[in-house]
Amino acid sequence: MTYEIKSSPEFAMIDYRLADGESVVAESGAMVAMSANVTMKTEARGGLLAAAKRKLLGGESIFQNTYTAKGGEGQVMLAPAAPGDVLAFELAAGKSLMIQSSAYLAATPQVTLDTKWGGVKGFFSGTGMFLLKATGPGTVFVSSYGAIYPKRCDGQYIVDTDHIVAFEESVTYTVTKVGGIKSLFLGGEGLVAKFSGTGMVYAQTRSPGSLAGFLHPYRPVKNNN
Amino acid sequence: MHFEIEFSPAYALAIAKLNPGDAVMAESGAMITQDAHIRMETSASAGKGVGGFLKGLGRSMFLGESFFRNTFHADSAAGEVSFAPSLPGDIMVYPMQGQELIVQQQSFLASGTGVEIETKWGGFKSFFGEGRLFWIRAFGNGPLALNAFGAIKEIEVNGSYVIDTGHIVAFEPGLTFSIKRVGSWFSTFFSSEGLVCRFEGKGKLYIQSRNPAAFGGLVGPKLPPRNN
Amino acid sequence: MQQTIEFGPSYAMSTIDLAPGDSVTVEAGSMVGMSDGLEIKTSIGGNKAGFFGALLNFLMAFIRKFLGGESFFVNTYTPPPGQSGQIMVAPSLAGDIVHYQLDGNRSLIVQASSYLASSKDVVIKTKFGGLKSLFSGEGAFWLVASGTGDLWVNCYGAIHEINVQGKFTVDTGHIVAFDDTLDYRIKGAGGLKATLMSGEGIVCEFNGNGKLFIQSRNLGSMISWIIPRLPA
């Protein structure tokens, strides 16, 4: 398999070439186009229970699509819903990447996904997002809203929770409010994650919450009769 | 303190690089990442020289009153803080060197502490149609980071030029301007152009290649209804 | 007529320079800036003449507005007689613009919300996309652009050109435009289960030889993505 990430970082899209018999698994709704001999199979990945667990935590589709080339080479183009970038991570066997749930786009079939609860640590409370742990071997594709700003954490680093895309397993985090109570309400910086340790942290340069806040006044008003 | 802009123009990020003792001021809610030792302070002050507008609704509810904004301090060690606006688009750094700049309120992102912002600039009131457009006057010294919805284009006006009001980011006060309707009554109502601004004179004008109100007006009705 | 496109693929904007006697028709609401003194005429999109033609235009445009979400008014900009002029145009959504030269031999079928602007001698007709395309999320109508001249097409996301040779399937929400030499069939993504649960919904299977323009984002998907994050 070969892939090319086109139109990065503006509206990145994966142009995926599959050899005969090869597959790639993608989130529901990610398919842009596919060539003649690619077939699509829909299933609840990881079994119905794992999928239901993901669905219950809110927002994440329980179905994934597996695209397989049959009878020759195939091409499938995949894109996320949000405007922004796509980054590919090559994971060695047993190596993991922690991914914010809505940032997960696609992966090669051997990558396993485990849902970690985000609710306990208050990471994404109220947003319906949680953390996914992707473990190799294989390639996992992660998408962002905005561009991806990679930072090496060497000690401590703070990232607004709305802007977290992914981070290496080697960093740990705590969720805090920046600046104390007064700042939470007046300063506008809500919850932040304080990362500790050594490893890469990937932030996105736009926040879905801010976009939602911008669009809110333009919504139709509910009719209460 | 200086700004470095990355990921321009798609989803620009303004990275403030601070020397020990430096500080940077920013719109409430704009901080994305920061070194752990940077100290954030929320301050409220009335009247002149205040920035910081309440985010969330995309509307300023307290124009002319007290505002809150965040000041980030690098006390004993150098450090960095990165800022981004709510909408996708570019960021430009305008060096303030004692002159003035009129800025559309939503476009203010961050600045050095020597830049002052006046919110009660009466020269340009808001008007119906384009949502509410408020204008602020920047003066003083230091870098001023402005964000845009879309890409930023600089236009050197020499004579006159007409701009759709939703596309204006900032302009030099040497330009005179007037709001006018486009075409006939029929055109104004149906053309969706609404009101435009006619600039006259000599000076620089900064525009954004997307219009927030048009984007909100296109996508908003497709969203589920809200409660109030 | 000269034109340039800047800031693609993220927030493309086209600057069109009009020579004396030129005029350009643009989708209502897309004017960013213009030289002073241009004459503006607002009308309903569509090129049928006569009373019944105008009525049909109005009806089609009205239907398009409700099913396709596309503004049904266009503005024609003309510089004052003997003078030149300039207009900058951009769509409402982030994304790209492509300038297409029509040579009178082939037509281009364009997704309704992708129409941005066209020159005088380009004819735009509305085409019903078939019942299935009603569910595509992009609206039931496509536009057919023919004639000679300039056509500006915008998209949500970056534009990608594909030379179709044989069969190629595209999610309908990602179609921007295609040559009229291509056959197409709108269908569900797979079996019933797949159509309902895959999230892919409706796809368009192209067949033949011709150019196809796709966009790397889809407004319907973006809306589904932002909805869970909206306050009550």
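**View 1. Ser35(A) has Phe168(C) as its bridge partner in β13(C).** The model is predicted; local features need pLDDT of at least 70 and side-chain atom pairs count only at pLDDT 80 or more, while totals for chains, interfaces and linings use all residues. Residues are numbered from 1 along each chain as its sequence is written, and chains are lettered from A and ligands numbered from 1 in the order in which they are written. Strand β13 of chain C covers residues 159-171 and runs antiparallel to β4(A), with three bridges between the two. Strands pair if DSSP finds at least two bridges between them. Helices (H or I, at least four residues) and strands (E, at least two) are DSSP runs, numbered from the N terminus.

**View 2. Chain A meets chain C through 32 residues of chain A and 33 residues of chain C.** On the side of chain A, the elements that give two or more residues are β4 (31-35), β5 (38-43) and α3 (208-215). That side has 17 nonpolar, 13 polar and two charged residues. Here Ala, Val, Leu, Ile, Met, Phe, Trp, Tyr, Cys and Pro count as nonpolar, Asp, Glu, Lys and Arg as charged, and the others, Gly among them, as polar. Residues are in contact if their C-beta atoms, placed from the backbone, lie within 7 Å.

**View 3. Helix α3(A) is mostly covered, with six of its eight residues buried.** A residue is buried if 20 or more other C-beta atoms lie within 10 Å of its own, exposed if 12 or fewer, and partly exposed in between, with C-beta atoms placed from the backbone. The buried residues of α3(A) are Pro208(A), Gly209(A), Ser210(A), Leu211(A), Phe214(A) and Leu215(A). Their cover includes α2 (212-219) of chain B and α3 (219-226) of chain C.

**View 4. Strand β4 of chain C, residues 31-35, has four of its five residues buried.** Strand β13 of chain B (residues 152-164) runs antiparallel to β4(C) and is joined to it by three bridges. Within β4(C), Gly33(C) is the bridge partner of Ile163(B). Three bridges also join β4(C) to β7 of chain C (residues 85-89), again antiparallel. In β7(C), Met31(C) has Val89(C) as its bridge partner.

**View 5. The largest nonpolar core has 190 residues, and Leu78(A), Val142(A), Phe83(B) and Leu146(B) touch the most other members.** Strand β12 of chain C (residues 141-154) gives the largest share, seven residues. A nonpolar core is a set of buried Ala, Val, Leu, Ile, Met, Phe, Trp, Tyr and Cys residues joined through C-beta atoms within 7 Å. Beyond its neighbours within four places in sequence, Leu146(B) has contacts that include Ile91(B), Tyr94(B), Phe108(B) and Val169(B).

**View 6. The loop between β1 (2-6) and β2 (13-18) of chain C holds Pro9(C).** Gly8(C) and Pro9(C) are joined by a cis peptide bond with omega about -5°. Phe7(C), in this loop too, has a positive phi of about 65° although it is not a glycine. Phe7(C) is buried, with 22 other C-beta atoms within 10 Å. Most residues other than glycine have a negative phi, and most peptide bonds are trans.

**View 7. In chain A, pLDDT stays under 50 over residues 181-187.** The model has 16 contacts beyond four places in sequence for these residues. Chain A has a mean pLDDT of 83, and 79% of its residues reach 70 or more. pLDDT is the predictor's confidence in each residue, from 0 to 100.

Technical notes. Contact = placed C-beta atoms within 7 Å.
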